[in-house]
Every structure is written in C-alpha cells, then in structure tokens.
Amino acid sequence: MNDSRTVGRPRGSSRAMLEEAAAELFLEQTYAKTTIGDIARRAGVSRNTFFNYFSAKSDLLWVDVDAGLAALPDALAECDRSAAVTGAVRQALLRVAAGFGPGRVPWSVTQYELMATASELEASALARFLVQVGLVREFVGARPGHSADTDPVGRAFSTAVVAAAAAAATEWAGAGVARGDLAAYVDAAITPVCAGFGPVLDHG
C-alpha cells in the first residue's frame, strides 16, 4: 500500500537551516538585499515555516544572543535572596556572560560590516535591552525596601548595570580572536556600577 504522507524536514533542523541560510545570504548580498523569501528558499522551506520560528528577519541577527539572554531569569531566580542586591545582580549577569567565550561568538556581531547590519542591530537592540532592564528591575523591586514601580534608584541601577554589560559585550565582540571570555569584560564594566549603587540599594 502506498503511503501518501509527505515527510517534511524535522522541526529542529528547519530552524537550523533557516539560521544557516540567513548567515550565508547576509554575507553574499548583505542584510538589506536579502528577503525572507530568499532565506526560506535557500533553506528549502516555506515562508510560513519561517514565521513558525521567527517573527521578523532581524530576529535572525540575534539567535545566539537571545539564546544566551534566556538564561537571565533563572540566573536571577537562583540568586541568594539574603545577599546584597547589587552583588546578586552582578553574579546573575556574570552567569549569563559565562555562556559566551572564544568558541561562542555571535556571527552577527563579528560579521556586521560584511553583512551591512550595523543600523539594523542598533534598531533591534533596544527592545532586547529594555527586556533585560525590566527583569533586573523586577528582581531589585522584589527585595525588602524597594519597589519596581516607585523606586527611582532601583530603576536607575537596573538601567545602568544592563547598559554596562551591553557595552562590555560590544567591546568583547570587536576584540578579535584574542578576546577571551565575555565574563571578564562584563565583570570589569558592571563592578563599578554595583559598587556605586551598593551603599544605597544594599541597605534598603
């Protein structure tokens, strides 16, 4: 008996194929000249399949970064709640940074000149930055004596410490093959921020 069912590409490999196709096309013809249709065709899937995994073309630039940032909620949740708040946030951010090293560098930030993605990276970075700030602010606001909604110092710290970590990541990405681990860059950037806010935040 003939089996008329169509055997499609496994879901897991479809995402990987889309990521690979996008990287190839962005390098070959730049980001701006590559369409979602181009990516889907190169990957051998439909446009509908593309949107099963990504909501926009720009999401493909952040695949590795988003995967790393996904660790922040757990890193914050597993912090010692009795520890100083700035120290706890520092340890959580360092734990996330530890997921990146010389062997795991997002291609979108090392090949941005060839792909001509600088403006798109800047535009799409803001939403991700604000999400991370919100997570840290919620963590700080849950500590005794603080409020995520009404504590201006907690909000300022959350924005400043995430901005420092983001600046460190940018420097790390551009440091070349001798860059080493991301955590060292992040630690150097966020430790002064934590030290500056510590006297106020750590005592409620």
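Residues are numbered from 1 along each chain as its sequence is written, and side-chain values use heavy atoms, with hydrogens and water left out. Because the model is predicted, local features need pLDDT of at least 70 and side-chain atom pairs count only at pLDDT 80 or more, whereas totals for chains, interfaces and linings use all residues.

The chain is divided into domain 1 (1–54) and domain 2 (62–201), with bounds that come from an automatic or database domain assignment. The C-alpha centres of the two domains lie 31 Å apart, and 7 residues of domain 1 are in contact with 8 residues of domain 2, contact being defined as heavy atoms within 4.5 Å. Between them the domains bury about 700 Å², of which 77% is on carbon and sulfur atoms; buried area here is the accessible area (1.4 Å probe) that two parts lose on being put together, summed over both. Of the area that domain 1 buries against domain 2, 61% is supplied by Phe-26, Leu-27 and Tyr-31, more than by any other three residues.

Thr-30 is placed in the loop between helix H1 (11–29) and helix H2 (36–43), where helices (H or I, at least four residues) are DSSP runs numbered from the N terminus. The phi angle of Thr-30 is near 70°, a positive value in a residue other than glycine. Thr-30 is partly exposed, with a relative accessible area of 22%, on a scale where buried means under 20%, exposed over 50% and partly exposed in between (1.4 Å probe, protein chains only).

Helix H9 (residues 118–141) has 24 residues and reaches 34 Å from its first C-alpha to its last, close to the 34 Å expected at 1.5 Å a residue, the expected span being 1.5 Å times one less than the number of residues. Glu-120, which is found in H9, is partly exposed at a relative accessible area of 23%. Not counting residues up to four places away in sequence, Glu-120 touches Tyr-31, Ser-58 and Leu-61; the C-alpha atoms of Glu-120 and Tyr-31 are separated by 8.7 Å, although these residues are 89 residues apart along the chain.

Arg-128 also lies in helix H9 and counts as buried because its relative accessibility is 15%. Its side chain makes a polar contact with the side chain of Asp-66 (2.8 Å), a polar contact being a pair of N or O atoms within 3.5 Å; within protein, one must be able to donate a hydrogen and the other to accept it, and residues adjacent in sequence count only if both atoms are side-chain atoms. Leaving aside neighbours within four places in sequence, Arg-128 is in contact with Asp-59, Trp-62 and Asp-66.

Helix H10 (residues 152–173) has 22 residues, and its end C-alpha atoms are 32 Å apart, in agreement with the 32 Å that these residues should span at 1.5 Å a residue. At the start of H10, a side-chain oxygen of Asp-151 reaches to within 3.2 Å of the backbone nitrogen of Val-153. The buried residues of H10 include Phe-157, Val-161, Val-162 and Trp-172.

Note on methods:
Helices (H or I, at least four residues) and strands (E, at least two) are DSSP runs, numbered from the N terminus.
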